Amino acid sequence: MPANRSHSPAIAAELNHIRFSYDHGASWALDDVSLTIRAGERVCLVGPNGSGKSTLARLIAGLTAPDAGDITLLDHHVVADVTPNADEYRAARRGIGVVFQNPEDQLLTTVLEDDVAFGPENLGLDRTVIATRIRQSLDAVDMSSVRRADPTRMSGGQQQRAAIAGMLAMNPAMLVLDEPTAMLDETARAEVMRVLDALQQRGTTIVHVTHHPNETRHADRVIHMESGHIAEDASGQATAQCPETGVLTPPPAADDSSTPLPVLSNSSTPQNNAPIIRVSHLTYRYADGERPVIDDLSFSIQPGETVALMGTNGSGKSTLARLLCALARPESGTIEAAGIPVVRPKPAHRKQIAQLRRRVGYVMQHPEQQLFAETVAEDVAYGPRNQGLSDADVQQRVREALALLHIEHLADRSPFDLSGGQQRLAAIAGVVACRPDVLVMDEPTASLDVQAKARIHELLHTLKERGVTMLIITHDRAEAESLADRVVRMPSPSEAQSSPSIQRDAAPQSKTDHRSPVHQLDPRVKMVGFLAAMFTMFAVNTPAQLATGIAFTLAVMMAGRLNPIRLLATIHPILALMAVMSLCNLVVVRTGTPLFTWGPLSVTDDGVTIAVLYTCRFALVIILGAIFLTTTTPTAITDAFEALLHPFGRFGLHTQEIALVMSLALRFIPTLTDETRSIIDAQAARGGSIETGSLSQRIKAMSAIIVPVFAGTLRHADNLSLALDARCYEEGIVRTHWRVFAPSARDAVFAVTVIAYIVAIVVL
Amino acid sequence: MSVSSRIRMQFVRSVAPAAEGAASDASSTAKLGSHNTGVADSGRWSTRRIAMYALFVALAMVTSFIEFPITPVTWLKYDPSGIVCLIAGFAYGPSAAVIVSVLGFVPHMFADPWGSLMAVLVALCLSVPASLIYRKVRSRKGAALGILAGAVLAIVAALLGNLVVTPIYAHMSYAAVAAMILPILLPFNVAKMAIHAVVTFLIYKPISNLLAKQQ
């Protein structure tokens, strides 16, 4: 989209004698760095963790200012003689796109095109311009076909492409990417790299922080950072295999195209004696899945064997890990681990689970997210303590586990003070301290730097020597082959789970005409109307009023073309509660003719009337609420919310900001829910249980879940605030709106219906 | 924390007008280590603040759906969302407590309109006084006092709320609801607030360590 680019200076970024310190000058993350990036260049920043490459990228992106030096970005002199100039920064940032490591935290809404529109809206662009920008930028990342889909439910690769599209829509002259593929698998990485290649062709300046050696292949320049200095600045070809630093040496067979792997199955299993893990005819499907993600899987693992499990995202690897650890229940099939029947044919009972927790260890994806205690030693002690060991034994286990990972010196530090790599090691120590016979690890080395990876590999070798059986999920073929006795891949599912579901979501919505009249209502009118109808429903006191209420609800349901049975299914827990309440009403009412008595209880005809009336009117309220929620997207709800808040702006309420808070909150609910679930699982696998044990144990178990959940919340908030900055959001800016509401005749009809209904209730 | 997240935090620390009342030593070291571009903190609602509020509201929403009975009376259910409101108030001040307490219950509006209004009232009574007191007395003792004051107010609000709301849902007179206060409603609310208080107090230290690193 080179059309009408706002900036096209010859120099994209010029940094002179930059210094940057995180500790007020005690040490320098960047020390006298000077760098010029020409327009249209593709520059890779590489180097070990802590070398300053991310700091440098952030300075180039205009997200932070240095402690010393002089910076010009896109012809804006943003830092002249150490003094940052906010206006210049603001102007420069409009031409700079930034993409971060964590794909999910950069997504702001649940509709792809709305997400892409967010940046242009902040720039105050015209609606027609925004429409063009959305089309162009989605085309550029090849996602036009899913523009109405929910990006939060896409694969990591798609999410990262969506994030890039969100930046392209702001028409940046320069794109800064901070390890955009660190959390992606091989396929997804290739997707992102293809997009970068295409952008390079179009002449976009690209600054790309990476530690994947083969990602520097198409760079014009590779800048090698080493402890705050530029160690080397060379043309792309020359540094592609720079050996002396040892950091970038590509593994000899980095490409996965070598030999096809055997599929995890019974035939791939050495048929020896007594396996330690035996899985037969295992089938599992997600709650909302049409096809099973694991379909009739059978295999076994021998004691002491190390198996590396590979496969595409969504092929069910992580699910299999959770099934083996009794953290999920399969649809059918049997599992036996360490001689304990996990599922066979009934799920294991509590005692067996406790036994299983002692013998089978589980390292979840990003295990550092489960850290919770005040010190590393305390955290590591959590598992052994849950096994009921004596204090001396617990201390012994902690020392041993820390020694295995060479982190004894961190024992008394807060886990939250450590670097990402150290946190990972501490979390793994927490599992190793349980001394499992079987260890299931879900991508233990993902997004780690070389040193931390090496520590974990060493640990795995030691455990192997000690006879621990291991199942390691990994995306790294070289790692798999160097560690495992057997490298297998997950039987491919019915093609990656995500893509068909996205197509499915997109299909009905793309044909807007086919949505029901209720779906198409102006969300503001709809929200007010539904709330008014719901609150007045509580005034229903006579059979005639109730009939009106039922008629109204049925009419809305029919206009919404909703299946009543499916609707009722979504609210069945509340229906159960209502049953209890109606019973209560039955018994409490003493007036009227007694129908029958039973001991002290009597049921009268009034009681029956009242029970029916109260139950029905409450049910109608809930049904109306459910109709509203199923026919309105979260984005529409937030828009309505903002419109309704708008008048309060006059009283100094920050309506735009509050509405944004609301929409971001709705957007992050699934993220936090999933994360909470995985933390609960991980702590359960270490023997933590809220349901059993003494009061203090239960409270400990609860804080072992709550603290990491809060830590995760703060981490997401950090990332999110940067994502908002990258999209040029600022308090009080004048934003334009991509979606505009124009109440139509349909809305008038709905409003009249609601008013008529309310009048009827009042009159009757 | 990886380097990049340290950068993020540093950056965030520099742009966030550190939670109300806690920004004393920022000015003395303004020159070195400020890293401020001057863009993101143009008003009270920095992007940092919006992001924090959003995530806390999301967490309150998530936890408000985790309901379980804590007394033999099964229709009164405990949910941990009050803990999130309390922590938000301690960390970011009374205005955060208000926002999290109000917005956190919006999703319930469409399932249980009156009940959600009451839940908002109770959450406000708990978290706002607690954060006001903690703002004056920033110590463990202040936190304890705050929680205690908030809990008492919240219990009173919950009982009054029940008097008003219960007759809408069940055919009961005010007198009948009032008769339930001592045997049923009071013990439940006391137990609920006790759990809030104990858990908040226990996680206070690790969480404040976490927050300290970000402010």
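**Basis for burial**

A residue is called buried here if 20 or more other C-beta atoms lie within 10 Å of its own, with C-beta atoms placed from the backbone. The model is predicted.

**Strand β20 of chain A**

Thr469(A), Leu471(A) and Ile473(A) point one way from β20(A), while Met470(A) and Ile472(A) point the other way; all are buried. Because five of the five residues of strand β20 (residues 469-473) of chain A are buried, the strand is largely enclosed by the rest of the structure.

**Strand partners**

Strand β14 (residues 306-310) of chain A pairs with β20(A) in the parallel sense, over four bridges. In this pairing Leu309(A) stands opposite Ile473(A). Strand β19 (residues 438-442) of chain A also runs parallel to β20(A), joined to it by five bridges, and here Asp442(A) stands opposite Ile473(A).

A right-handed β-α-β unit is made by β19(A), helix α13 (residues 450-465) of chain A and β20(A).

**Domains of chain A**

Chain A is divided into domain 1 (277-493) and domain 2 (520-631 + 745-763). The C-alpha centres of domain 1 of chain A and domain 2 of chain A are 50 Å apart.

**Contact between chains A and B**

In chain A, 80 residues are in contact with 62 residues of chain B. Elements giving two or more residues to this side of chain A include α1 (53-61), α16 (523-537), α20 (605-631) and α23 (695-726) of chain A. The largest share, 17 residues, comes from α23(A). By class, the side of chain A that touches chain B has 46 nonpolar, 23 polar and eleven charged residues.

How values were computed. Residues numbered from 1 in each chain as written. Chains lettered and ligands numbered in written order. Predicted model: local features only at pLDDT ≥ 70, side-chain atom pairs only at ≥ 80, totals over all residues. Domains from an automatic or database assignment. Contact = placed C-beta atoms within 7 Å. Nonpolar A, V, L, I, M, F, W, Y, C, P; charged D, E, K, R; others polar. Buried ≥ 20, exposed ≤ 12 C-beta atoms within 10 Å, placed from the backbone. Pairing = 2+ DSSP bridges. Right-handed = clockwise from strand over helix to strand, strands pointing away.
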